[in-house]
Amino acid sequence: MPHDHHLKDPHTEQRLFRNRMLVAIVGVIALLGVLIARFYNLQVVNYDDYRTQSDENRIQVRPVAPTRGLIYDRNGILLADNRASYNLSIVRERVKDLDATLELIGHLIRLDDSDVAKFRKRLGRRRPFEPIPLRFRLSEEEIARISVNQFRMPGVSVEAESVRYYALGDLFAHSVGYVGRISDRDLSNFTKEDVRLYRGTRSIGKVGLERSYEKTLLGEVGYENVEINARGRVLRVLERQDPKPGSNLSLHLDAHLQQVASDALGDQRGAVVAIDVNTGGVLAFVSKPSFDPNLFVTGISFANYRALSDSLDVPLFNRAVQGQYPPGSTLKPLMGLGGLEAGLITRDTKIKDPGFYKLPNDPRLYRDHVRWGHGEKVDLIQAMAQSCDVYFWDMAHRWHIDGMHDMATHFGLGSKTGIDLPMERAGLFPSRDWKRGARGMPWFPGDSLNAVLGQGFVLATPLQLAVMTATIANRGTHYRPQMVKSINGVEQPAEILHNLEARPENWDLVFEGMEAVVNHSNGTGKRAGKGLNFRVAGKSGTAQVVGIAQGERYDSEALAERHRDHALFVAFAPVDEPRIAVAVLVENGEGGGKVAAPVAREVFAEWVPRPDTQQKTAQETRLFEGADNG
């Protein structure tokens with residue numbers, strides 16, 4: 001047989017196998033090295049980074065909004081409360097198809113175009129994984145519909161939120177004010193600290209005490225670390241730092257007196273301000289017409305806002321601090337005191353009043369409101385009781401406007417009172433310098449005749465007139481008006497701005513004149529004291545809205561209702577120991593003594609008989625606490 005030269009060499013085969021095995025082992029070792037290196041990188045080198053990223057997917061830091069401070073009246077009746085509201089919110093990162101989700105929600109509950117538009121606007125300024133509200137104040141039925149279908153809507157949830165509620169509705173809308181949703185304008189004014197403070201909070205004080213005491217009422221935001229699942233639902237709270245609630249406010253305002261004042265004013269446009277003579281505390285603060293502040297809390301609808309803003313009666317306008325009106329003859333007690341102090345008149349000064357006054361070298365006749373005049377011998381008491389214009393014109397002609405201006409300034413006219421409310425207006429009491437600067441004209445004698453009667457350039461808010469009257473009642477002690485009586489039980493001290501020194505006999509004479517307004521048989525303010533068993537001192541006023549030609553008579557019937565004179569009345573009581581001062585304005589009410597004085601009478605009848613320490617009866621307190629305007 002021939003020999004097979006191609007037989008395999010066992011040594012060669014063995015060597016080849018060893019080489020291949022070695023390469024395989026080296027490859028495996030290399031791969032293990034790569035895996036070990038990667039594992040080391042993940043678990044050791046970058047452990048903290050990846051753990052943080054993992055926790056960010058699993059754990060969220062959520063702000064916890066503080067409870068807003070409550071607002072009470074002086075007797076503990078709750079004026080501004082917090083109530084639970086259930087809102088529908090969406091976490092954008094958890095929703096795959098937002099439009100489809102919104103469409104589905106729209107089939108389940110009522111969803112207006114404005115709700116969707118506001119939601120999309122909020123999306124633009126959200127933080128990652130922050131729930132954005134779509135609908136507020138869900139009903140129980142709507143909550144049930146969402147809950148049943150929640151498995152179809154990842155990222156959609158119903159959240160409870162504490163929202164403001166004003167139990168007495170429109171009664172305190174212009175004093176307590178309201179909160180509203182934080183707007184783009186609010187955000188543009190925020191500092192970095194504000195951004196931190198308002199995390200988790202969607203509302204901010206917009207007007208009234210809610211605005212001026214915003215920082216006090218807000219509280220301090222808290223935080224919690226929560227573990228969530230893939231759908232964004234909270235599984236458990238890992239850590240929590242509780243928020244600090246806002247401080248509670250107790251006001252000088254009296255809910256029952258406020259109701260009495262509001263009822264007395266009725267459906268008339270106007271304002272009533274009552275002040276505690278001994279502290280400057282504001283006891284009643286009415287501006288009518290009013291509005292329901294609850295409409296604004298979670299965002300007012302366009303239709304509701306338009307109805308308020310377009311109304312001819314401007315219910316959003318705070319007449320008590322923003323309305324600037326000619327004060328008319330309500331300034332006569334103040335001007336009488338100034339004339340007495342300046343030596344221009346005395347108790348015995350008498351003038352003849354033919355029904356008109358004529359300046360030297362001036363052909364015009366200044367007509368008194370009583371065409372036939374007030375008599376041959378009119379003194380200060382009669383001039384105040386019957387509101388004789390000629391008496392005060394005669395005095396004003398002999399008095400410099402600068403002296404009038406100084407006296408008015410001491411009583412708070414022409415400048416803001418400093419009340420703890422926003423948007424107060426300053427009114428105006430003119431001077432020579434003011435007219436030269438504002439009008440580019442000199443001061444004329446006729447300007448002084450207008451000023452002494454609270455007409456011409458003179459403007460005042462109802463609040464200023466109340467402060468003026470309280471300062472008269474205090475015989476020159478001028479308190480800053482205050483709404484807030486205490487913060488978390490800590491009393492806020494009364495603040496005296498200044499004291500006006502005047503001779504006691506002059507104060508006595510002014511008191512006597514103001515009392516004659518109410519109690520004299522011919523007094524213009526008799527209705528202010530009708531049926532009361534204590535003495536009231538007051539002064540009526542009528543302020544022109546449109547000019548009447550010189551020599552012409554005022555004809556109410558010929559004027560449109562809104563062109564008729566405003567009616568004013570200021571008063572304090574009781575005369576021997578004053579406790580309360582009141583200013584009443586009725587727009588286009590014409591007669592101060594006829595229309596405004598009865599409103600003041602109702603306020604006095606409610607307040608003065610009360611002992612200083614009297615609290616509301618349990619029945620009355622329950623009446624207000626149970627009030628619910630929906």
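Predicted model: local features only at pLDDT ≥ 70, side-chain atom pairs only at ≥ 80, totals over all residues.
How much space lies in the second largest cavity? The second largest cavity holds about 40 Å³ of space.

Stop 1: Select L79, Y166, L168, G169, F172, A173, V176, G177 and P293, which line the second largest cavity. By class, this lining comprises seven nonpolar and two polar residues, with no charged residue.

**Stop 2: the largest cavity.** The structure contains two cavities of 30 Å³ or more, and the largest has a volume of about 60 Å³. To display its lining, select I275, D276, V277, G280, V467, A470, T471, N474, T477, Y479 and P481. Then colour by secondary structure: β11 (270-276), α19 (462-473) and β17 (477-479) each supply at least two residues of this lining. Helix α19 gives the most, with three residues. Coloured by class instead, the lining of the largest cavity shows six nonpolar, four polar and one charged residue.

**Stop 3: aromatic pairs.** The count of aromatic pairs comes to 11. Begin with F291 and F296, whose ring centres lie 5.8 Å apart; their planes stand at 75°, over the 60 degrees required, so the pair is edge-to-face. Both F291 and F296 are buried. Next, select F411 and W507, a tilted pair with 6.4 Å from centre to centre and 55° between the planes. This pair links distant parts of the chain, 96 residues apart: F411 is in the loop between α16 (401-410) and α17 (432-439), while W507 belongs to helix α20 (residues 504-519). F411 is buried, as is W507.

**Stop 4: charges over rings.** Select R83 and Y165: the charged end of R83 sits over the ring of Y165, 3.8 Å from the ring centre. Then move to R475 and F511, where the charged end of R475 sits over the F511 ring at 4.5 Å from its centre.

**Stop 5: a loop glutamine.** Select Q150, in the loop between α5 (140-148) and β5 (156-165). Is Q150 buried or exposed? Its relative accessible area is 19%, under the 20% cut-off, and Q150 is therefore buried.

Technical notes: Residues numbered from 1 in each chain as written. Heavy atoms only, no water. Helix = DSSP H or I, 4+ residues; strand = E, 2+ residues; numbered from the N terminus. Buried < 20%, exposed > 50% of the residue type's maximum accessible area, 1.4 Å probe, protein only. 1 Å grid on protein atoms, 1.4 Å probe; cavity = no way out; pocket = protein on both sides within 12 Å on 5 of 7 lines; lining within 4 Å. Points joined across faces, edges and corners; volume = space filled by probe spheres on them. Nonpolar A, V, L, I, M, F, W, Y, C, P; charged D, E, K, R; others polar. Phe/Tyr/Trp six-rings, centres within 6.5 Å; stacked < 30°, edge-to-face > 60°. Lys NZ or Arg CZ within 6 Å of the ring centre and 35° of its normal.
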